[in-house]
Amino acid sequence: MALFTRRVKRIGTDRYRLSLPAEEADLLRALLPQLRGLLATGLSDNDPSLTRLFPTAYANDPELDAGYQALVRDELLEKRFASLDVIDELLGEADAGPVKSEVDGEALSAWMRAVNDLRLVLGTRLDVGEDDDPADIDPEDPEAQAWAIYHYLGMLVSFIVDALAEELD
C-alpha cells in the first residue's frame, strides 16, 4: 500500500512538503523533458496529443478559432514552460533518488499544472474515456505500463489538489 501514501502534505500556511520515492522522482525526471520537447516541436507539427493542452475554442468556426489560438497559444505555452522549470529546478537539486522538499503554494501549483499536463497528453495518446477502469487493464497489454503511469499521475495531481485545498479551510 506504499503507493497510496500521501506524497504532498500541508505543513503550514502556504508551506507544503513533497516526498517522492526515488522511482517516482526518476519517472518524472524522464517524462518532463519529453513533455518539454513535445511542447517545443509538437505545436508546429500539430501533434494530436497536445489537443487537450490547447483545446479548440470555436469548433464550428475554424477562422475564429485560429484567431483565438493566435491570441492565447504563446501565453499558454509560456506558462507551461514556466511550470516545467519549477519542477526541473526541484528535481535537479537531487540528480537521482528521492525528492524531499518544502515548497510554497505557487510552486506546488506549478507542480499541479505540469503533472496534469503530462497526464492529459498521456491520456490523449491512450484515448482515455470516462468509463476506463484501471482494474480492467490487462497486465499483458503493450500499453499497460503507460496506463499505470497515467493513473499514477492522476493520483499525484489528486494529492496536490488535496494539499492545496487544506489551505482553504
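Student: Is Asp14 buried, partly exposed or exposed?

Tutor: This is a predicted model, in which local features need pLDDT of at least 70, side-chain atom pairs count only at pLDDT 80 or more, and totals for chains, interfaces and linings use all residues. Residues are numbered from 1 along each chain as its sequence is written, and side-chain values use heavy atoms, with hydrogens and water left out. Buried means under 20% relative accessible area, exposed over 50%, and partly exposed in between, with a 1.4 Å probe and protein chains only. Asp14 has a relative accessible area of 35%, so Asp14 is partly exposed.

Student: Where is Asp14 placed, and what is its phi?

Tutor: Asp14 lies in the loop between β1 and β2, where strands (E, at least two residues) and helices (H or I, at least four) are DSSP runs numbered from the N terminus. Most residues other than glycine have a negative phi. Asp14, a residue other than glycine, has a positive phi, near 55°.

Student: Which residue of β2 is the bridge partner of Val8?

Tutor: Strand β1 (residues 8-12) runs antiparallel to β2 and is joined to it by four bridges; two strands pair if DSSP finds at least two bridges between them. Within this pairing Lys9 stands opposite Arg17, and the bridge partner of Val8 is Leu18.

Student: What is the order of the strands in the open sheet, and which helix packs on it?

Tutor: The open sheet has three strands in the order β1-β2-β3, with antiparallel pairing. Its edge strands, each pairing on one side only, are β1 and β3. The helix touching β1, β2 and β3, with a direction at about 120° to that of β3, is α3; contact means heavy atoms within 4.5 Å, while axes are lines fitted to C-alpha atoms, for helices over the stretch in contact, and angles run from 0 to 180 degrees between N-to-C directions.
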